[in-house]
Amino acid sequence: MSQRIKIKALLQSTQTDVEVTVKGWVRTFRNNQFIALNDGSTNNNLQIVVDFQNTDEALLKRITTGAAISATGMLVASLGKGQTVEVKATSIEILGDSDPEKYPLQPKKHSLEFLREIAHLRFRTQTFGAIFRVRNSLAFAVHQFFQNQGFVYLHTPVITASDAEGAGEAFKVTNFDLANPPRTEDGQIDYKQDFFGKATNLTVSGQLEGELGAMALSDIYTFGPTFRAENSNTTRHLAEFWMIEPEMAFYDLQDNMNLAEGLLKYVISYALEHNREDLEFLNQRLLEEEKNKPQNERSEMTLIEKLEFCLNNDFERLTYTEAIDILINSTPNKKKKFQYPVEGWGTDLQSEHERYLVEKHFKKPVILTDYPKEIKAFYMRQNDDGKTVGAMDILFPGIGEIVGGSQREERLDRLEQRMDEMGIPKEELWWYLDTRRFGACPHSGFGLGFERLVLFVTGMGNIRDVIPFPRFPKNAEF
Ligand code: ATP
Ligand code: MN
């Protein structure tokens with residue numbers, strides 16, 4: 001028996017007139033003769049030609065959309081359009097039947113909303129096959145980018161006792177009988193008796209632990225799941241998402257921005273190089289989708305043009321203060337078109353403002369720096385003006401914020417003062433403060449939301465479609 005060969009390799013091979021065995025799932029079966037077979041190795045299907053006159057009728061009936069089959073035959077140059085080679089089957093074996101009456105995926109266009117309800121099967125569509133191969137490449141490229149530069153991949157804990165920013169969006173982790181938790185004398189839940197002896201939650205960020213690693217290993221990055229119980233039903237938020245968080249000793253804010261811009265460009269160019277077919281398919285998908293939109297809402301660039309544009313242009317860098325000036329004087333602000341009018345310095349930017357800057361004003365990715373300290377986290381390095389901190393957010397077209405980072409405050413007195421002002425308990429973060437006591441140094445880091453990156457690269461519109469099994473309010477199916 002000949003060895004099974006994956007369809008991707010087979011379509012690339014130049015040697016015809018050899019016997020091959022392929023295995024995969026039937027996408028369509030036309031005229032009792034042509035099977036379009038896909039095994040997930042590529043977006044392209046392989047055509048299998050069945051000699052129906054010499055094939056058992058009962059077997060032909062079992063070649064249905066969704067069925068798993070093994071086919072052996074001759075690889076030959078194809079006469080038909082759309083493929084260079086095809087397999088003339090000499091034997092076909094049904095490995096797993098798929099009842100066409102019941103199989104939810106019909107060979108027609110299904111809505112993304114419907115496919116989300118059958119997420120266990122949506123991998124079998126061209127769109128989701130392409131998305132998850134691109135996602136895989138991006139993850140690999142992230143590791144490659146950092147490993148090439150000597151970064152250490154550090155695994156920070158998933159269960160923590162600190163809520164990194166005190167934002168109160170953490171999921172609790174407990175072993176208590178919820179109906180009857182032990183209580184202290186004054187009626188509070190007694191977490192001393194809980195599994196870890198204290199209140200714990202799922203991590204909202206690995207940053208604080210990442211910084212500890214950087215204070216010895218110089219350059220580290222995390223890449224793991226992150227959890228936020230934010231009840232925001234948006235197309236850009238998940239309750240469980242993957243975050244990449246590098247932390248670098250001896251980096252200032254400029255170095256930090258350069259690294260982030262370099263990372264984004266590296267992984268995008270990796271996908272363009274290694275996932276060309278998938279991206280061309282997604283490019284086409286987007287063009288079709290946009291046909292249904294009014295002219296003025298269609299994008300000026302195709303997906304691939306947008307990705308290439310991002311590679312070939314420097315990101316625009318400006319301060320929060322400069323951005324506020326632009327926004328105050330912008331046409332939508334003057335015409336009161338923003339849902340949240342920009343009135344002055346100090347307000348947090350809403351995603352409509354971020355998108356105006358990126359999509360309308362600069363028409364390219366933007367890095368905003370030096371935000372007011374009041375709207376940023378306690379650990380960001382305080383600037384000499386006493387008003388701003390060394391923060392940097394990267395804003396992408398169609399996405400808004402994709403990266404949030406900063407130079408970290410390394411000066412113990414400044415850090416403690418800010419924690420006091422913001423009501424962050426210093427006792428609980430004694431270990432974090434220790435790094436400022438022993439061998440503190442300037443350092444920086446950022447967080448890149450992996451799904452927002454996948455959204456950008458695939459051109460999809462909803463973050464729930466770029467993670468295999470999305471978790472969001474009222475949904476934890478599969
Ligand atoms: P946003 O304002 O969009 O909610 P954030 O300020 O809460 O973002 P950070 O805490 O700085 O974000 O997190 C770092 C990065 O993680 C963000 O830039 C974004 O790419 C990503 N991110 C944050 N929250 C989510 C979420 N709920 N789902 C998916 N990605 C997220
Ligand atoms: Mn948020």
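**A sheet and its helices**

Student: Which strands does helix α9 lie across, and at what angle does it run to β12?

Tutor: Happy to start there, noting that this is a predicted model, with pLDDT of at least 70 needed for local features and 80 or more for side-chain atom pairs, while totals for chains, interfaces and linings use all residues. Residues are numbered from 1 along each chain as written, and side-chain values use heavy atoms, without hydrogens and water. Helices (H or I, at least four residues) and strands (E, at least two) are DSSP runs numbered from the N terminus, and angles, from 0 to 180 degrees, are taken between N-to-C directions of lines fitted to C-alpha atoms, for helices over the stretch in contact. Helix α9 (residues 320–328) lies across β12 and β13, and its angle to β12 is about 95°.

Student: Which strands stand at the edges of the sheet?

Tutor: The open sheet has eight strands in the order β6-β10-β11-β16-β15-β14-β13-β12, with mixed pairing; strands pair if DSSP finds at least two bridges between them. A single partner strand leaves one side without a neighbour, so the edge strands are β6 (152–153) and β12 (316–319).

Student: At roughly what angle do the axes of α6 and α14 cross?

Tutor: Good one! The axes of α6 and helix α14 (residues 450–458) come within 11 Å. Their crossing angle is roughly 45°.

Student: Which residues of α14 make the contact with α6?

Tutor: Contact means heavy atoms within 4.5 Å. From α6 come L264, V267, I268 and A271. On the α14 side, the residues are L453, F456 and V457.

Methods: Chains are lettered from A and ligands numbered from 1 in the order in which they are written.
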